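My entries follow in the order in which I made them.

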Amino acid sequence: MTELAERLRWLRGGAAPVRYTARTIAALTANPGCARRGLLDAAGVDKKALADRLGHPARFGQSRFAITRTLGFEARLKADGYAELLAAVALDGARVVTVELTIDIAGEPAALEPDLVLLRAAGRLHVVQVKSFAVVDGQAPGDKVAAAARQAAVHVLALRRLGHDTSHEVYLVCPENFSNAPVANLVDVRRELGVLERQLARLTRVSDLAEGLPDGATAEEAVERVPARYAPECLAACELAFYCRQEARCAGETDTLGRSVRDAVGGVATVAEVRALAAGGASAEHPEIAELLATARTLRAEATS
Ligand code: SF4
């Protein structure tokens, strides 16, 4: 075992690694500045169990009802050699194939959960994304379609990097109206592929993240030592969100107010600093922001007096 593999095994407490899914890679690349998540995901740490141990359990995920609905829909599509799915997709000569998927994450190869349906037709691979949200009168919830497109892009990219000719148009298969009958729609994921490639390139190498940890460091120690980059979006995407939010609030970080506020205050890290600048404090590091904040404070005072 290499030294890095040994360090990652310590982080897992010796347990088997949790495998990546397209959903977890899409979520990881949504916050490429978070070294903490990058390291824990690379090690395959069970973040849900870790959040429990840290006293801030995760509160997101599908409801029991939604999980049952998803499993029922997937079972229906798998029946009779995917007969209904193939009929919905209506792609000439298509057959279902399986491919073992790996993708490099932060410099390390990661195995992907084999949770996708893949079609081969005329020598080309086509990714099928099965989702249990309904398409009603031809309309599907935009945020859910966008999330499905990001996940499908992970599969397309992994296949292409393994040398497979893979279409950038993926089939999104969902239940139609209020029945469980499948309907397929083509989604172009070229934009998502571009974003994903850029974000993957921005991830810090795992070996660099693990380097500063003492021998035998556990996941809890890693959480204390490796910096996070909390944003409210973490609440829907990462099991550690409640822990990181608490930490960021205690430190008074502007990150807790959302990316738009953080960007608007131009890199000033804490709410206390923002208030000091708005009160007229000088800043050699952020002179323009200091001026803007002081002006904003004056305008507000005038408007409310
Ligand atoms: S919740 Fe914490 S660990 Fe997860 S991505 Fe956000 S900041 Fe990083």
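**Strand pair and its surroundings**

Buried means under 20% relative accessible area, with a 1.4 Å probe and protein chains only; strands are DSSP runs of E with at least two residues, helices runs of H or I with at least four, numbered from the N terminus.

I noted that this is a predicted model, in which local features need pLDDT of at least 70, side-chain atom pairs count only at pLDDT 80 or more, and totals for chains, interfaces and linings use all residues. Residues are numbered from 1 along each chain as its sequence is written, and side-chain values use heavy atoms, without hydrogens and water.

I then followed β2 to strand β3 (residues 108–111): the two run antiparallel and are joined by four bridges (strands pair if DSSP finds at least two bridges between them). Ile103 has Ala110 as its bridge partner in β3. Two residues lie between the strands of this hairpin, and Ala106 takes a positive phi near 50°.

**Ligand shell**

Which residues are around the ligand? I listed Asn31, Cys34, Arg37, Ala228, Arg229, Tyr230, Cys234, Cys238, Leu240, Ala241 and Cys244, counting a residue if one of its heavy atoms lies within 4 Å. By class, eight are nonpolar, one is polar and two are charged (Ala, Val, Leu, Ile, Met, Phe, Trp, Tyr, Cys and Pro count as nonpolar, Asp, Glu, Lys and Arg as charged, the others as polar).
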